[in-house]
Amino acid sequence: MRLLKFIKDWILIFSILSGVAGYFLCHAAHLCTTTHNLILRSVETVQPLLIFSMLFLTFCKVDPRQLRLCRYHWWLLAFQCAMFVGLGGVLAALPHSDMRIVLEGGMICFICPTATAGAVVTRKLGGNAQHIITYTMLINLFAALLIPAVVPFVHPNPLMSHWNAFALILAKVFPLLLLPLLTAFLIRRFLPYIHRRVTAVRDLAFYLWVVALALAMAVTTRHIVHSHVTMEVQLWLVAVSFASCGIQFWLGRKIGGYYDEKITGGQSLGQKNTVLAIWLGYTFFTPITSVAGGFYSIWHNVVNSYQLYLHGKHSGKEGEE
């Protein structure tokens, strides 16, 4: 029982390590080209399905009548969108900048929507779970529109107009960010039996996240190993992910604090759907930028673990008193 509890408490760390180890095991197996390509295509197909499933299961448990837009949501949203558009503008103006890959890493760290598990952590820390779910939906909506609008200017395709590129990227992003929300609400409204069966399954979204995170870390490891960029650039990506994580947790808590929502504000801005960030990196940007999403996953889990530790310690002292 102790072993099972230990594994459950640290399952996200095990997921990260298993993803890294899984890549090296496949590499050491010296698979033939056909098998290798089949694995890659399978991962590319499964990852979006996992992202969709996680969001769908999360939104199925949301009662639309309990959603509440707060004033601080708009400040958090403005910051995320401004950072994404601002960094994109710099790259569009300086297409041959030596810092291109690093700035792209910053873009995915700032625009990435709130994690599906954000409500769980927020509730454990004493925050407002309904408010973070509302913000999760809001940032998913804006990210689904902004990413297709900005990426064609950052990575212009000479064989395609910006409108065509916008439509192509939107076709890939929409099913992952907005379709889960629409599907969940339609099932709640018109197929209540199926809705009850789906919501009755406990922690399924969390365990899908564990699998998705392992695959994402395997993909990130592959891009690191096969990348031709210098170690300096890769270390810059690690630094950017660390800085953006710290800034967003700090700023979210500051903004939320003005509205007595310090915990919810910090988690809304700082805790990210990093599986999606990694997918965005290797799908729409220079593939090595997925490293930023991979390390962001480590940083925000460290922050959450520390916050939960402090909260548990504080709660224990209050109980003793």
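Visitor: What makes the reach of helix 8 close to the one expected?
Guide: Helix 8 (residues 162–177) has 16 residues and reaches 21 Å from its first C-alpha to its last. A helix here is a DSSP run of H or I with at least four residues, numbered from the N terminus. This is a predicted model, in which local features need pLDDT of at least 70, side-chain atom pairs count only at pLDDT 80 or more, and totals for chains, interfaces and linings use all residues. Residues are numbered from 1 along each chain as its sequence is written, and side-chain values use heavy atoms, with hydrogens and water left out.

Visitor: Where does the kink in helix 8 lie?
Guide: The kink is at A171, shortly before the proline P175, and is about 30°. That bend is the angle between two axes, one fitted to the seven residues ending at the residue and one to the seven starting there.

Visitor: Which residues of helix 8 are called buried?
Guide: They are A165, I169, V173, L176 and L177. The word buried is used for a relative accessible area under 20%, exposed for one over 50%, and partly exposed for values in between, with a 1.4 Å probe and protein chains only. An α-helix has 3.6 residues a turn, so residues three or four places apart point the same way. The buried residues of helix 8 pack against helices 3 (33–60), 7 (129–154), 9 (179–190) and 14 (274–284), where contact means heavy atoms within 4.5 Å.

Visitor: Why is helix 5 called largely enclosed by the rest of the structure?
Guide: Because 11 of its 12 residues are buried. Among them are R100, E104, C109 and I111. Helix 5 reaches 17 Å, close to the expected 16 Å.

Visitor: What makes a set of points a cavity and not a pocket?
Guide: On a 1 Å grid over the protein atoms alone, a cavity is a set of points where a 1.4 Å probe fits but cannot get out; a pocket is an open set with protein on both sides within 12 Å along at least five of seven lines. There is 1 cavity of 30 Å³ or more. The largest cavity has a volume of about 40 Å³, a volume being the space filled by probe spheres set on points joined across faces, edges and corners.

Visitor: Which helix gives the most to the lining of the largest cavity?
Guide: Helix 7 does, with 3 residues. Lining residues have an atom within 4 Å of a point, and here they include T58, A115, G118 and T136. The lining divides into 5 nonpolar, 4 polar and no charged residues. Asp, Glu, Lys and Arg count as charged; Ala, Val, Leu, Ile, Met, Phe, Trp, Tyr, Cys and Pro as nonpolar; and the others, Gly among them, as polar.

Visitor: How many residues line the largest pocket?
Guide: There are 34, with A117, V120, V121, K124 and F206 nearest its centre. About 1200 Å³ of space lies in this pocket. Its lining holds 18 nonpolar, 8 polar and 8 charged residues.

Note on methods: Helices (H or I, at least four residues) and strands (E, at least two) are DSSP runs, numbered from the N terminus. The expected span of a helix is 1.5 Å times one less than its number of residues.
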